[in-house]
Amino acid sequence: MARSLVVKVTCGAEDAERCNQAFTVAAAAAASGADVSLWLTGQAAWFGVPGRAEEFELDLATPLDQLMAAVLTTGSVTVCSQCAARRGIVEGDLREGVTIAGAAVFAEQVLGDGVQALVY
């Protein structure tokens, strides 16, 4: 049975390296067979909207849209409900495969047996 990894990214382009690290770890874990759930919170919530991840730039880093696509092939990407609401983001605004959920769902995921949670 593959281990489960929940990655919460709490920053966006304002902290580009930390943001990119979260996406990179999530994508690498997904590629290695882990069950990955990537949570977009704070300014990272914008990356759930089409075009936003494509605009992110960081030298020597894999583009965020490619990293997110890697996670979505086998895992999930979720935008925090309060973060979305504060930014006026609704389900219809999101890229295909991305959903909105709240703290109860996040807590349920991270409290599961054998789950590793990382917060960036």
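Me: Which residue in β3 is the bridge partner of L38?

Reply: In β3, L38 has V77 as its bridge partner. This is a predicted model, in which local features need pLDDT of at least 70 and side-chain atom pairs count only at pLDDT 80 or more, while totals for chains, interfaces and linings use all residues. Residues are numbered from 1 along each chain as its sequence is written, and side-chain values use heavy atoms, leaving out hydrogens and water.

Me: How many bridges join β2 to β3?

Reply: Strands of a sheet pair through backbone hydrogen bonds, either parallel or antiparallel. Strands (E, at least two residues) and helices (H or I, at least four) are DSSP runs, numbered from the N terminus, and two strands pair if DSSP finds at least two bridges between them. Here β2 and β3 (residues 76-80) run parallel, joined by 4 bridges.

Me: What is the order of the strands in the open sheet?

Reply: The 5 strands follow the order β4-β3-β2-β1-β5, with parallel pairing. Because β4 (98-101) and β5 (115-119) each have a single partner strand, they stand at the edges, and one side of each is left without a neighbour in the sheet.

Me: Is T41 buried or exposed?

Reply: Buried means under 20% relative accessible area, exposed over 50%, and partly exposed in between (1.4 Å probe, protein chains only). T41 has a relative accessible area of 8%, so T41 is buried. T41 is placed in the loop between β2 (35-40) and α2 (52-55). Contact means heavy atoms within 4.5 Å; leaving aside neighbours within four places in sequence, T41 is in contact with K8, V9, T10, C11, C80 and C83.
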